[in-house]
Amino acid sequence: MTPFGLRRRRFVGALGQVITALCASLAAGTLVVILLYVFMQGVHALNPAFVTQLPRPVGMAGGGVANGILGSIVIVGIAALLAVPMGVLVGVYLAFYGRGPFPEGIRYLGEVLSGVPSIAIGLFAYTLLVQPLGHFSAFSASVAFAMLMLPLVIRTSDEALRAVPVSVREGALALGIPTYAAVTHVVLPAARPLITTGVLLAVARITGETAPLLFTAFGSQFWEYNPFNPMAELSLQIFTYAISPYTEWHEQAWAGALVLIAAVFVLNVLARISLRGARR
Amino acid sequence: MAASANGLGDAPRSYATRPHIFLLDRSFAIAVNAAAGIFVVLVLGLFAMLVHGSWESLHAFGLRFLVSSTWNPVTSTFGALPFVYGTVVSSLIALLIAGILGVLAAAYLAEFAPRFIAAPLSFLIEMLAAVPSVVFGLWGLFVLAPFLRTYVAPPLQAHLGWLPIFAGPYYGVGLFTAGILLAIMIFPTVAAITRDLIRAVPSEMREGSYALGATRWETVRRVVLPAAGSGIFGACVLALGRALGETIAVTMVIGNRAVIAASLFAPSYTLSSVVANEFTEATTSVYLSALVELGLILFLISVVVNGLARLLIWKPQLLANGSRVLTWTLRRRAGA
C-alpha cells in the first residue's frame with residue numbers, strides 16, 4: 001500500500017510527461033515534414049537555369065527566378081542600409097543619451113511597431129511613396145522592410161549596449177577620450193556580436209516577408225536595376241506562381257521556396273553563431 | 001603633458017588644443033538625438049498615413065464600416081464585418097490549438113526533457129519560426145489542405161457532422177485549414193516564450209513542492225505553470241496578435257469568400273487577405289480608401305493586443321539580467 005495513491009499519481013505523471021513530449025515532437029516533426037516536402041518538390045525544378053535565367057511565359061518549359069533573387073538582394077540590402085545605422089543610433093540614444101521619460105516612450109513605440117502587421121506597414125509605404133509618385137518601386141518596398149527591421153535592431157542595440165559593464169565606459173572616459181569615441185570605439189565594439197545577431201535575425205525576417213511587396217515592389221518580368229522602378233522579388237514570385245493554375249509554375253514555386261528557405265536558414269544559423277560568440 | 005611613465009604613450013590632450021573633437025562630440029550627440037526623433041516621427045507617421053489614406057472611407061461609412069457585411073466595389077458600398085469575422089475566428093482556432101500544444105511542449109522542454117533531447121527539439125521549434133510565411137502558404141495549399149480534406153474532415157463530418165461548426169461541404173480551403181496553418185505558425189511563439197518563463201520560475205518553488213511530497217508532474221502542473229501564469233497568458237496574446245495580422249499564408253488557404261458561415265469548413269476571408277488580393281485591382285478612390293481602412297483596423301487591433309501582452313508578460317526578474325532578456329527577445333523575434 002503506497003501513501004496517497006502514489007502509484008496512480010506516478011502513472012498520471014508519466015502519462016503527462018509522454019503527452020508533453022508528444023506535443024514538442026509534433027511541432028518539431030511538422031518542421032521536418034515541411035522541409036522534406038519543400039526539398040523533394042523543389043529539387044526537381046532546381047537547376048543552374050533556375051537561378052541564372054529570367055522567368056519564361058506560361059507554357060514554355062525552363063526559365064528561372066534570377067531577377068527575383070537579385071531583387072530580393074537589392075530590396076533587402078537597401079532596407080538594411082536604411083535600418084541598421086538608424087537603429088543602432090536610436091539604440092545608442094536609448095542606452096546612453098536619453099533623459100527623462102523619452103527613452104521609455106521610444107521603447108514603447110518600438111514594441112508597438114514590432115507588433116504591427118507587415119501588410120499595414122506595406123500600406124504605409126504605399127500611401128507615403130507609391131501614391132504620391134504615381135508608380136510602384138523597389139525603394140518603397142525597402143522602406144517598408146526597414147520599418148519591419150527597425151524595432152528589432154533598436155531593441156537589440158539598446159540591450160546589447162546596456163549589457164556592456166558601465167566600468168568599461170567609465171574607464172574609457174577616465175582616460176580622457178570624448179564621449180562619442182567612448183561609444184563608437186569602446187562600447188559599440190564590445191556590443192557588436194549581439195547587435196550583429198539582431199541584425200541578421202532582422203534580415204532573415206524580412207527576406208521571408210511577402211505581404212508589403214504586393215503593392216510596393218509589385219514584381220517584374222525583367223532584369224531591373226533601378227530601385228525606383230517596380231522590381232521582381234523571390235518570395236513574391238513564389239506567391240504568384242503558387243496561386244496560379246499552372247503546374248509548371250507550381251514546380252517553380254517549390255524550387256523558389258527551397259532557395260528562399262535555404263537563404264533564411266543560413267541567416268538564422270549565422271545569427272546563432274554570432275550569439276554564441278557574444279555569450280562567451 | 002609629460003610622456004606617460006606607463007608606456008601607453010602621451011596622455012590625451014584637451015578640447016582646447018583639439019577643437020574638432022568637441023565638434024565631433026556635439027555632432028554625434030545631435031545625430032543620436034535626431035535618429036530618436038525621426039523614429040518617433042516614423043511611428044506616429046505610420047498611424048497618420050493610415051488615417052490619411054482611409055479618410056474618404058472613414059468619412060463615407062463611419063462606424064457602419066465595422067458592422068456592415070456588404071462589400072461591393074460596383075456600388076461602392078463597403079463593410080468589413082465578414083473580414084473581421086474571418087480574421088477573429090481563424091486566429092482563435094489557431095490560438096486554441098497552439099496555446100494548448102505550445103504550453104505542454106514548453107513544459108516538456110523546460111522541465112522533463114534531458115538536455116540532449118531538449119536542445120535539438122528547441123532548435124527545430126525555433127527554426128519552425130523562421131520558415132517564411134509564403135512557404136507555409138505553399139505547403140498549406142498543396143499538402144495540408146488536401147491532407148485535411150482526405151483524412152481529417154471525413155471522420156469529423158461522419159461523427160460530429162450534426163454540429164453546425166462541422167456542417168456543409170469542405171473544399172480543403174477555408175477557416176479550418178487557415179486556423180490549423182496559423183496554429184503551426186504561432187506555435188513557436190507560445191512555446192519559446194513559455195519555456196523561458198518556466199525556466200525563470202525560482203527553483204525554491206519546485207523544491208518546496210517536492211518537499212511536500214508532490215511528484216514532478218504535480219509540481220509542474222500545480223506550482224510552476226501557475227507561477228508563470230500571467231506571462232503564459234501574455235505569450236498567448238502575443239501569438240494571437242501575430243495570427244491576426246498574418247497575411248500571405250492565410251490568403252493562400254482561407255478560400256477568399258466574403259461570407260459569414262457558422263461552419264469552420266466554409267471558405268472565408270480575412271482583413272489582411274482582402275488587402276493582399278484586391279489592393280492592386282482597386283479602381284475607385286473610395287475602394288482604395290476602404291482597403292487602407294482595413295489596414296488601419298489591423299494596426300489598431302495590433303496596438304491593443306500587443307499592449308495587453310506587454311502588460312501581462314512583463315516580469316521584473318527577467319529584466320534583472322540584460323543578456324537574458326536579450327536572448328529571450330531574440331528568440332521571440334526570431335519567431336516573427
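Mentor: Gladly! Two residues are in contact if their C-beta atoms, placed from the backbone, lie within 7 Å. This is a predicted model: local features need pLDDT of at least 70 and side-chain atom pairs count only at pLDDT 80 or more, while totals for chains, interfaces and linings use all residues. Residues are numbered from 1 along each chain as its sequence is written, with chains lettered from A and ligands numbered from 1 in the order in which they are written.

Let's settle on Leu200(A), which sits in helix 8 of chain A (helices are DSSP runs of H or I, at least four residues, and strands runs of E, at least two, numbered from the N terminus). Leu200(A) has 23 C-beta neighbours inside 10 Å and therefore counts as buried (20 or more other C-beta atoms within 10 Å; 12 or fewer is exposed, in between partly exposed; C-beta atoms are placed from the backbone). Once its neighbours within four places in sequence are set aside, the contacts of Leu200(A) are Leu267(A), Leu270(A), Ala271(A) and Ser274(A).

Helix 8 of chain A packs with helix 3 of chain A at an angle of about 140°, their axes being 10 Å apart (axes are lines fitted to C-alpha atoms, for helices over the stretch in contact, and angles run from 0 to 180 degrees between N-to-C directions). Helix 3 of chain A brings Ser72(A), Val76(A), Ala79(A), Ala80(A), Val84(A), Val88(A), Val92(A) and Phe96(A) to this contact, and helix 8 of chain A brings Val183(A), Ile195(A), Val199(A), Val203(A), Ile206(A) and Thr207(A). Sorted by class, the contact of these two helices holds 12 nonpolar, 2 polar and no charged residues (Ala, Val, Leu, Ile, Met, Phe, Trp, Tyr, Cys and Pro are nonpolar, Asp, Glu, Lys and Arg charged, the others, Gly among them, polar).

Stepping back, chain A has 10 helices and 0 strands. Its C-alpha atoms fill a box of roughly 75 × 70 × 35 Å along the principal axes. Of the 280 residues in chain A, 52% are buried, as Leu200(A) is. Among contacts in chain A with a separation of 6 or more, 73% join residues 24 or more positions apart.

Next, look at the partner. Contacts between the chains involve 81 residues of chain A and 79 residues of chain B. On the side of chain A that touches chain B, at least two residues each come from helix 1 (6–45), helix 3 (66–97), helix 4 (102–115), helix 5 (118–133), helix 6 (138–163), helix 8 (179–207), helix 9 (234–242) and helix 10 (247–279) of chain A. Helix 1 of chain A gives the largest share of that side, with 19 residues. The classes on that side of chain A are 57 nonpolar, 17 polar and 7 charged residues.

Helix 4 (residues 81–112) of chain B and helix 10 (residues 229–245) of chain B pack at about 140°, with axes 9 Å apart. Among the residues making this contact are Ala94(B) and Gly99(B) of helix 4 of chain B, and Cys236(B) and Leu240(B) of helix 10 of chain B. This contact in chain B counts 10 nonpolar, 3 polar and no charged residues.
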